[in-house]
Amino acid sequence: MRTIFRRLGFYVLAAYAAVTLNFFLVRMLPGDALQNVLSKLRSAAITPEELKALAAQYGLDSHQSLASQYFSYLGNLLHGDLGTSTSKGVPVTAVLGTDLPWTIGLVGSATVIAFVFGTLIGIVVGWRRSGFFDALLPVATFFQAVPYFILAFLLLLTLGFYGKVFPYAQGYDTGNPDLVPGWNGTFITSVVEHGALPAATVALASIAGWIIGMRNVMLTTMDEDYVLVAAAKGLPQWKVAGVAARNAILPSISNFALSISLVVAGSIATEIVFSYPGLGYEIYQAILTGDYPLMQGILLVVIFTVLGANLLADMAYVALDPRARKES
Amino acid sequence: MTTPTTETTPRVVHGPKRPGTPALEARNLTKHFPVHQFRGRQVVHAVEDISLALPEGTVTAVVGESGSGKSTLARLLTQLITPTSGELLLDGKPVGTSARERRAYTSQVHLVLQDPFSSLNGVHSVRYHLERPLKLHRKPGRGELDALAKSLLERVALSPAENYIDKFPHELSGGQRQRVAIARGLAVQPRVLLADEPVSMLDVSIRLGVLNLLDDLRERERLAILYVTHDIASARYLADTVVVMYAGQVVESGPATQITDSPAHPYTQLLLSAAPDPSRTEPVELRGRGAPPSLVDPPSGCRFHPRCPFAMAVCKETAPPALPAGGDQVAACWLLSPDHAPTTAADATPSATDE
Amino acid sequence: MRILRSTKVVVGLSLLAFFVLLAVVGPFVAPHAPDWQANTTSGVPQPPSSHFWFGTTQKQEDVFSQVLAGGRDTLLISLLAGLIASALSILIGVSAGYFGGVVDEVLSVLSNIFLALPGLLILMVVMKPLPPQDTSNPFLIGGVIALTAWAWGARVLRAQTLSLRNQDYVESARVIGERSPRVIVFEILPNLLPILASSFIFTVIYGIGAYVSLTWLGVIGVPSGVVTWGTMLNVSQASGSLISGWWWWYVPPALCVAGVGIALALLNFGIDEIVNPRLTSARTGRGSGVKFRLGLTPVLQSAPTKGDAK
Amino acid sequence: MTASGHLGEPVLEIRDLCVDYGVGKKAVRAITDATLTLHRGEVLGLAGESGSGKSTLAYALTRLLRAPGVITGGQVLFHSRPQGSDTTRTVDLLAAGVEELRVVRWSELSVVFQSAMHALNPVARIDAQLTDMLKVHRRKMTAEQRKERAIELLRMVGITSDRLLSYPHELSGGMRQRVMIAMALALEPQVVLMDEPTTALDVVTQREILEELMQLRQRLGFAVIFITHDLSLLIELADSIAIMYAGRIVERGGAQELFHSPRHPYTLGLINSFPALHGEKVRMEGIPGSPPALTSLPGGCAFHPRCTFALDRCSEEIPVLQRPVADSDGTERTAACWLQTDGQTVPQQLALPASAKLPAPRGEAAGAELPEPDGSIK
């Protein structure tokens, strides 16, 4: 229990740190940058009241001290108020509401696919100590070492633009007036088709890491005596491999924490390439238009998502490793 | 039965009895390590009120199982860890605890560690290992340094020194590494050499070589040596005095052969009965079973009483003082106290001393 | 050198040397300046020809010259990011591991928080409003990238320091009276070198990815006349070269980025195998025809039978 | 008790076993021509220092030796007599296929590893580890029967059944080793290989576990190959002992014979490396030098650079294991030493009278009361 409480304490602290960082991030920017953005907005689709509220939010009316700005920021946050998007003129939360499912769906499915297959392949490759892996290595290294967006370009061009196997822009077929977003077959098919290339990018880019990581841990674990004992017991090969894999998967889960934020950041680049209607594409637009409330909102949501994924990985680890359950 | 005589007993100092001031003396050393539990703070009673004198030119062996506190005792003597209470006297003078005094102390007392494969840093040569302490404590001239380092190797019988001085640890055998580790200790010209299981990781055939080297150093350099070991036979071989530790306390001490020939404390008897002995003429009869207690919550009274075949009511209540067991031998056991020794059941007497 | 026995290291190093050479001498040997224009009338990029090996851009700039010139900033900035991040990770990771206790607790929480932050996103937000004189300062850009990249190395170094701290040679050094800074620098750090190398390379890979992504997105603006691989990708994408089939414009810079990444990844892989020999394929018995399998020691009846009669 | 005087029939015969580390040019010979016979119910000790090949030998004969170990020659004949059967079937473990090997493993030949800490699966409960081989080898057993068996096994080694659901890290070192022993005996094998099973334990725990082990052996009648570097312990424990040096068996004989009248200078040196618990304190010298690395073995007898009795011949020719001249009677002694060949004057220390009565009951075997020489010594 103690370990779990400690971890929970860490997550609360991390979340608080992220919220605070988010507050200061924008205030660290050169002051005129913000002023410029706001001044540009006076003509935009935003009401004077909202503009005033925004100016107050960023301390531009300079009546409020930094501390009181900070506390009103925290207060607004607790009420679920992330301000108004300056480029769209709607509450940031509303924008997030439409974008988040796309990103979660994309990153979630790609990560699960990459983790499951990467781990399985890693187990097999490690167990067989096969030379097959050496042939696979340059390919795996390529996917691991190349920035996500370049991989995305490659897939877009080969399978999308020239190959015409999958559509390569948007989240679903927006040009088809018969398509009604919702839980219907044609829409879901369209979503899956449009998600295929972005998801493949994220999965391909991250799977090599899982394969190599799992293979390495598997090789180290196979040198443990308990694996040899399993063989000495006359257990069938697959059971012996199972003993090794069961132990080897633990470091893989804790590696998840190390890589999830990289995967999420990479997915964002991927979304931009494919004009995918998720948080990544949105934050890119926000950056181009200088929509700071939206940027902050997205940043916060992404950080919380990463923290949530880490918490899940932590809980899985505790569930799988009896030693972690022990009070220390 | 219930009036123990402990309070009035004078402090018993373990170790070889020699006239004059001992090179190093420890008075009432106690070390409690805090353990962070979920609720409240508890301590590990690692070393409990030990007084020890190490005269020059003697070897004192500290014998005990793992977790008996013998390694902690050695580290307390190096000041690597700070005692909870108690003090150290070097040549009769109290040892200060300021950073400066501690550094001065490191030139007087050296510790040789158990594992020669990890006590030398693989990235440094033998020369580096030997020259560092020389530079730190003796500040010799440039020309002198090389000669001094080589002479150290000769002193631990690694000769010709040229063959060894520029080697790296991985090029040496276990025994050679342990000799380098000892040579490094000699570089500071110490009065006291503490050796924590110096031979237990070495191959059997080369252990005696290292033990004999320690004996030579005792003789030649008049070092006061503390030999920490779990092997009572090697303690008997090397040491003048054997100190037996159990659960953080000294349970028995005395001249080496006397301890092994006629152990007075039931724990010493247990250790001896369990030790491998190829010339044993009878099947082993283990005196007592079970495992050492938790040091977070040690048993009341005598810490050995839950395992002791002779335990009496008083043993559960009051810790026994160190009682004389003939000659320079003392044992912390109520069986030796005339007030408590059982008079009826003859078979309950620990055999050795009275036979 | 043991390290050169690994094919991966050799290939990785050669590839890397090629790109480093490119970054150093590329701008001097390039046939044209990056912003040199063949003419100002045509708005259609020319495909590769004997005249323009890699073709031209829409503005009729020479792609080959741009590729040669575009590596310098990318490599320099990722190298700086790697160096700064490594310094930070040593400072934080080694202190946390060596001193333990409260220091460790605080520093570990700090690095775990930085691990959870999506670096690229934060970089995007922070870099965008920076004026061009700042974004052309490699130290500033490298430093900001490093701020989002040190935590991984710090975590690994902390774990390793924690185990090294309990090595007997550290205790022995303290027994002869060495002070803590000396113990850290002379006893612990040399033993951390392989891990440090691998975390450095990892950070450089990350730095390249981050810098190229940021310039590709146009988040980092470069002064006119300067070209990087990332800005080439940015301009070519903005000009619609992807859907116009002007592949010669973006494939060369993309391949260069990939090439550097692969070189570094191979190097890292090789170092991993040297640090942990159990990972090498040598133990698979490749080439010898012997197949090793756990729990089934191979039997080759090849030993000479005893010659002497009993 | 099975003593070397009336041994059972052989259960395991190792003939000319050779083991290499690595294949091809880089191969290093780790075991050369090891020949040993283990009889039913016998405790055979295998003693030697690090790098002598004792563990390599044990793992090679079970074919559990890890890469890059390769068996390069010899035979390992296992005379298998499955439980409840009277017929003996001989299997050459080195020629056996995967399935054949799998059937023999654990049900007839089990292993106790040096460190139970590492030999028990850290993420599996004790009951699972005690029963997984039952599932494979005793397919007819129900889950209920397996659980009963697990409880019975734990009780056998003095652990209460409430530990059944514990994980290894929740047990003390001694308890873990007991679980390991219980596991090894689960299928009542005929041979148990023990690789330094008590080295990591404290002396009292070691003694307790060895006592229990010997009692179990008497009850269940399995034979043991006991590997250790602690010759002094082995002499107390084993019926017969083989001494290994640099990959070869250099001496073989009954435990007490070996102790009282060693025939190989290395054995003599080893015996003199253990300080005694009794008697006068005398300075002992051990063996000069250190054990050689397998990669750079001296020519001839590998021991000759450290041997005080070395002859010219020793640096040139490798001695073979044969009956020493000092023992002409019918004992099973062998030693690989040129000093013990015909025509040599054997140094006095290596020609101590072999007691004809050995193995004697322990009470009579003390050094001082050895029987008179039987006249066989020149």
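Predicted model: local features only at pLDDT ≥ 70, side-chain atom pairs only at ≥ 80, totals over all residues.
Residues are numbered from 1 along each chain as its sequence is written, chains are lettered from A in the order in which they are written, and side-chain values use heavy atoms, with hydrogens and water left out.

**Stop 1: the two domains.** Select 10-238 of chain D for domain 1, then 253-275 + 284-378 for domain 2; these bounds come from an automatic or database domain assignment. Their centres, taken over C-alpha atoms, are 29 Å apart.

**Stop 2: where they touch.** Here 15 residues of domain 1 are in contact with 13 residues of domain 2 (contact means heavy atoms within 4.5 Å). About 1,200 Å² is buried between them, 65% of it from carbon and sulfur atoms; this is the accessible area (1.4 Å probe) that the two parts lose on being put together, summed over both. Now pick Glu49(D), Leu231(D) and Ile235(D): on the domain 1 side they lose the most area to domain 2, together 47% of what that side buries.

**Stop 3: a charged pair.** Which residue forms a salt bridge with Glu49(D)? Select Arg306(D): the closest N and O atoms of this pair are 3.9 Å apart. The count between the two domains is one salt bridge (a side-chain nitrogen of Lys or Arg within 4 Å of a carboxyl oxygen of Asp or Glu).
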